[in-house]
Amino acid sequence: MKTRAASADDAAEMGRVLREIIDHNGRQRPSDVDFVMGRYIADPTSIQCTVAIDEAGNVVGFQSLKKAVAGNPYDTPEGWGIVGTHISPKVHRQGVGKLLFAATREAALQAGLEKIDAYIGADNSSGLRYYDAMGFRTYRTPEGIVQKVCDL
Ligand SMILES: CC(C)(COP(=O)(O)OP(=O)(O)OC[C@H]1O[C@@H](n2cnc3c(N)ncnc32)[C@H](O)[C@@H]1OP(=O)(O)O)[C@@H](O)C(=O)NCCC(=O)NCCS
């Protein structure tokens, strides 16, 4: 397993990862190439989007890191990072999330960030446990959501 920065060539496979997650947890969301490009790869607030690649060369997950700007959809304080993690259920609990966060953390430090926000569904126990394990702590609980912060 290795990680590298995502490019436009990864968009279709990243969409496939999103569909594998939807099939697994039933939480509907867009997953087409245009959505992946706009949300993750070509978003002007993106600092880095990292993909995890398995031995066969397939994308098995990705993690986006963006800079919070005024009016961002998560109400994250301006200047913080915002992280999002999407890993195929086929490889859960194999350390892919940990590997991705090592790359994201490094990118955040390089970008001079001091804090990273994670916006997690309150019913998403694996997501909550994952971010706890990555060193995040809860700082805000809007209705149905847990927002955690990692101090870099
Ligand atoms: C949450 C998610 C990112 C975890 O990724 P992962 O590759 O399975 O995580 P890792 O294998 O690197 O796990 C790292 C640590 O996180 C914790 N963790 C991860 N998944 C967990 C789970 N289901 N239950 C309990 N702890 C968990 C553990 O401490 C784990 O270390 P360990 O396996 O040595 O005990 C992944 O399940 C995922 O993409 N889910 C769907 C989308 C999602 O929920 N994204 C995040 C919230 S928005």
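These legends describe close-up views of one predicted model. Local features need pLDDT of at least 70, side-chain atom pairs count only at pLDDT 80 or more, and totals for chains, interfaces and linings use all residues. Residues are numbered from 1 along each chain as its sequence is written, and side-chain values use heavy atoms, with hydrogens and water left out.

**View 1. The largest nonpolar core has 16 residues.** A nonpolar core is a set of buried Ala, Val, Leu, Ile, Met, Phe, Trp, Tyr and Cys residues joined through side-chain atoms within 4.5 Å. Buried means under 20% relative accessible area (1.4 Å probe, protein chains only). Residues with the most contacts inside this core include L65, V83, F101 and F136. Two or more core residues come from each of α3 (96–110), β5 (115–121), α4 (125–133) and β7 (145–151). Helices (H or I, at least four residues) and strands (E, at least two) are DSSP runs, numbered from the N terminus. A second, separate core of 14 residues includes A11, V17, L18 and I21.

View 2. Contact means heavy atoms within 4.5 Å. T104 sits in helix α3. T104 is buried, with a relative accessible area of 1%.

**View 3. Helix α1 (11–25) packs its buried residues against α2 (33–41), β2 (46–53), β3 (59–67) and β4 (81–87).** Among the buried residues of α1 are M14, G15, E20 and I22. α1 has 15 residues and reaches 21 Å from its first C-alpha to its last. That is close to the expected 21 Å, which is 1.5 Å times one less than the number of residues. G26 follows α1, with a positive phi near 75 degrees.

**View 4. The largest pocket is lined by 46 residues.** On a 1 Å grid over the protein atoms alone, a pocket is an open set of points where a 1.4 Å probe fits, with protein on both sides within 12 Å along at least five of seven lines; lining residues have an atom within 4 Å of a point. The volume is about 1,500 Å³. T85, H86, N124, G127 and Y131 lie nearest the centre. G127 is found in helix α4 and is buried, with a relative accessible area of 12%.

Definitions and conventions:
Buried means under 20% relative accessible area, exposed over 50%, partly exposed in between (1.4 Å probe, protein chains only). Grid points are joined across faces, edges and corners, and a volume is the space filled by probe spheres set on the points.
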